[in-house]
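Subject: Structure for you to look at

Hello,

Here is the structure I said I would pass on.

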Number of protein chains: 2
Amino acid sequence: MTAPLHRPRPGTPDTQQAMRRRNLSRVLHTVAAEGPLSRAAVAQHIGLTRAAVSTLVDELTRAGFLEELGPQRPGGVGRPGTALTVSGRGPAGLGAEVGVDHLAVCAVDLRGAVRARAQRRVDNRGRAPKPVLAELTLLVRQVSAEAQAMGLRPAGLAVAVPGLVGRDTRTVVRAPNLDWHDTDVATLLPSDVPLTVDNEANFGALAELWLADGAPADFLHVSAEIGIGAALVVDGQLLRGTRGFAGELGHVPVRPEGPACPCGGRGCLEQYAGEGAVLRAAGIAPGPDRVSLLAERAAAGDATTRKALRGAGTALGIALTGAVNLLDPRAVVLGGALSRLAPWLLPPLEKELNRRRAAPADGVLVSGLGPDGPLLGAAHSVVRGVLDDPVGAVG
Amino acid sequence: MTAPLHRPRPGTPDTQQAMRRRNLSRVLHTVAAEGPLSRAAVAQHIGLTRAAVSTLVDELTRAGFLEELGPQRPGGVGRPGTALTVSGRGPAGLGAEVGVDHLAVCAVDLRGAVRARAQRRVDNRGRAPKPVLAELTLLVRQVSAEAQAMGLRPAGLAVAVPGLVGRDTRTVVRAPNLDWHDTDVATLLPSDVPLTVDNEANFGALAELWLADGAPADFLHVSAEIGIGAALVVDGQLLRGTRGFAGELGHVPVRPEGPACPCGGRGCLEQYAGEGAVLRAAGIAPGPDRVSLLAERAAAGDATTRKALRGAGTALGIALTGAVNLLDPRAVVLGGALSRLAPWLLPPLEKELNRRRAAPADGVLVSGLGPDGPLLGAAHSVVRGVLDDPVGAVG
């Protein structure tokens with residue numbers, strides 16, 4: 001049984017209580033990032049006295065966020081400190097993903113380890129929200145039960161969806177490939193933990209930021225499943241836009257009088273580089289997992305497929321020229337399905353950026369997380385929320 | 001003579017000293033925005049005790065940031081409080097602008113009033129940095145002396161330039177219309193106060209944010225002198241980009257195979273809506289203050305001029321469709337020279353945004369600050385710096 005952290009009144013101004021709350025988070029973040037660490041090492045890291053840190057550590061240990069591992073470096077000089085680590089049995093983040101072709105759920109502990117996972121291949125195109133989210137809820141309950149059996153306490157559920165999500169983080173405003181519109185998904189999902197819903201490109205970008213080795217803190221993350229989405233990370237923060245709609249790279253005009261797009265525009269990037277357009281150009285009928293088929297044919301040297309991907313890469317390069325000019329990101333990162341097609345998309349894409357003098361400082365990178373990015377980003381967003389404010393995370 | 005505020009060591013962690021520093025800023029901001037206010041009213045506004053606020057106020061008064069106006073509302077109930085106001089004799093911000101056709105300098109006090117101002121019409125096209133900045137320095141010294149004669153202490157100098165500025169805030173990386181490249185302007189400007197150099201579009205956007213009635217906290221500010229620049233404000237903060245180059249709207253591709261642009265690209269927005277392109281389309285030779293001539297001819301109903309502006313508005317609409325899709329700003333604001341041409345640019349621009357379903361929530365607005373925006377934004381940036389950290393502003 002853990003002792004809850006004391007929670008101050010909401011809206012408290014910048015006082016001792018607010019300072020304590022921030023310092024609890026700094027201790028927890030430090031141990032999560034650098035641990036195992038002794039109390040003295042934590043004090044040195046964050047520049048507080050050892051006495052102040054001990055009080056904070058005791059509180060976090062009692063509340064189940066930190067664990068003591070026993071003496072550290074017993075061969076060292078002087079009295080050994082007790083090594084601290086974030087708890088492998090404390091709060092956990094639940095992440096879920098509604099894909100066009102699949103559903104997935106995982107639980108991640110404060111150490112960042114995936115402790116439980118479930119997924120199911122299912123064609124969600126045009127399926128109503130209710131049966132899809134009922135099926136997702138079953139997977140959430142299964143993973144949550146597994147996590148609890150390991151002593152973890154789910155601290156929140158974050159759900160990635162392939163569409164625009166309102167700033168209320170619960171309404172899917174538009175998910176064209178599911179055919180969902182203005183859907184309040186919160187009412188159709190478990191209500192026993194705090195819930196956040198966000199665009200899959202946003203969670204994919206956050207996963208890149210938090211999990212990829214050496215990821216820059218400023219980048220434009222471009223991903224695709226059926227449509228093309230992007231997410232902009234600035235100084236380690238997502239830029240969401242006023243209505244939560246930022247990152248609609250797929251509807252940037254590439255050729256202003258080009259083909260009509262279902263969005264109402266003409267010549268949008270999706271008309272050249274969306275899955276539908278690429279499959280049409282490659283002479284492949286739509287269906288599940290067409291990205292694998294495109295990759296296979298391109299790898300086998302099929303000229304039509306390669307030409308289709310070249311056209312998509314060129315269009316991506318034109319749209320990204322505009323984005324790089326507007327945003328000056330350190331890098332562009334290709335994630336999701338695009339990462340699998342990178343060998344064929346990248347050369348024409350970079351050619352356009354270079355001839356238009358719009359190459360970002362660190363160039364165009366390919367995500368190592370692949371299609372798992374959004375799911376991991378969702379689960380880790382809950383974990384980060386706990387590290388950022390352990391007081392607020394106590395139910 | 002004023003008593004300097006106590007300055008803690010740099011890099012101090014989140015301690016009493018850091019909290020005091022933030023609370024001094026909160027008191028000063030509150031009085032600047034809402035004053036005159038009694039100590040009790042300040043305490044209520046920021047949620048600290050009256051005793052804590054009194055200590056902070058005394059310190060700010062002794063250091064010359066606040067002034068006491070004498071008893072407030074003498075007819076009220078109870079003992080009257082002393083009304084506080086920010087000082088009209090304390091620190092001041094110096095703003096300067098290097099325009100293609102002019103130089104200007106002003107001094108703004110903590111109350112936001114312009115207290116001294118000097119400007120000169122001069123054709124700076126292709127002039128070397130040294131004589132231009134020597135001339136600007138004379139104007140800075142003149143305005144600074146006037147301000148000091150009124151009891152003001154210049155706390156910093158901010159200089160707006162029509163070009164890209166590095167994140168060091170002193171190097172003009174590229175200012176094509178002046179023909180300056182990689183110019184460290186700090187060495188050519190007065191060194192007796194802290195100096196910041198920034199792009200004119202950035203300062204124009206900040207002026208809009210800070211000075212315009214009801215300005216949103218999220219908007220894309222588009223301005224033009226000769227080239228076309230933009231600045232993005234997100235949650236009340238400028239998005240600068242990794243290298244400080246964000247906002248290059250002028251080089252977003254509008255028609256990817258359009259005319260070659262000096263930047264190295266093709267079909268960039270400036271090839272359709274930059275001053276040179278519009279003058280060419282209108283059959284007007286380049287020269288100083290051509291914007292007035294364009295506005296006069298368009299107002300007189302000249303068909304060629306109107307057609308040229310219609311083409312520019314359409315191209316702006318296409319480029320802004322991409323920007324709105326990527327950034328989801330609350331509004332697009334046309335500032336600088338564009339504000340004077342708005343009656344003719346706005347209809348085709350809005351037509352493009354609407355037919356491509358990319359209208360921002362609050363639509364396209366026209367700045368009321370006109371060509372003064374960048375100069376005012378520069379001076380106010382210094383004033384805001386003082387309000388944000390009065391301890392740091394003490395020389």
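Pro36(B) is in the loop that runs between α1 and α2 of chain B. In this predicted model, the peptide bond joining Gly35(B) to Pro36(B) is cis, with omega about 0 degrees. Chain A has a cis bond from Gly35(A) to Pro36(A), with omega near 0 degrees. Pro36(A) lies in the loop between α1 (16–34) and α2 (39–46) of chain A. These bonds are worth a look because most peptide bonds are trans.

The backbone has another point to note, at Arg357(A). Arg357(A) is not a glycine, yet its phi is positive, about 55 degrees. Most residues other than glycine have a negative phi. To find Arg357(A), go to the loop between α10 (337–355) and β15 (364–366) of chain A.

Next, the side chains. Over all chains, the structure holds 44 salt bridges. One of the salt bridges is between the side chains of Arg39(B) and Asp58(B), at 2.8 Å from N to O. What does this pair tie together? Arg39(B) belongs to helix α2 (residues 39–46) of chain B and Asp58(B) to helix α3 (residues 50–62) of chain B, so the pair links parts that are 19 residues apart in sequence.

Aromatic rings come next. How many aromatic pairs does a search of the whole structure find? The count over all chains is 0. A ring does meet a charge in chain A, where the charged end of Arg255(A) sits over the ring of Tyr272(A), 4.9 Å from its centre. In chain B, the charged end of Arg255(B) sits over the ring of Tyr272(B), 4.9 Å from its centre.

The last topic is where the chains meet. On chain B, 52 residues are in contact with 52 residues of chain A. Between them the two chains bury about 4,200 Å², and 53% of that is on carbon and sulfur atoms. The rule finds 6 salt bridges across this interface. Arg243(A) and Asp328(B) also meet through their side chains in a salt bridge, with 3.0 Å from N to O. Polar contacts across the interface of chain B and chain A come to 24 residue pairs, both residues at pLDDT 80 or more.

Which elements of chain B supply at least two residues each to the side that touches chain A? They are α1 (16–34), β12 (228–234) and α9 (303–327). The largest share of that side, 7 residues, comes from α9(B). Sorted by class, the side of chain B that touches chain A has 23 nonpolar, 14 polar and 15 charged residues.

Regards

Notes
Residues numbered from 1 in each chain as written. Chains lettered and ligands numbered in written order. Predicted model: local features only at pLDDT ≥ 70, side-chain atom pairs only at ≥ 80, totals over all residues. Heavy atoms only, no water. Contact = heavy atoms within 4.5 Å. Buried area = accessible area lost by both parts, 1.4 Å probe. Salt bridge = Lys/Arg side-chain N within 4 Å of Asp/Glu carboxyl O. Polar contact = N/O pair within 3.5 Å; in protein donor to acceptor, adjacent residues only side chain to side chain. Helix = DSSP H or I, 4+ residues; strand = E, 2+ residues; numbered from the N terminus. Nonpolar A, V, L, I, M, F, W, Y, C, P; charged D, E, K, R; others polar. Phe/Tyr/Trp six-rings, centres within 6.5 Å; stacked < 30°, edge-to-face > 60°. Lys NZ or Arg CZ within 6 Å of the ring centre and 35° of its normal.
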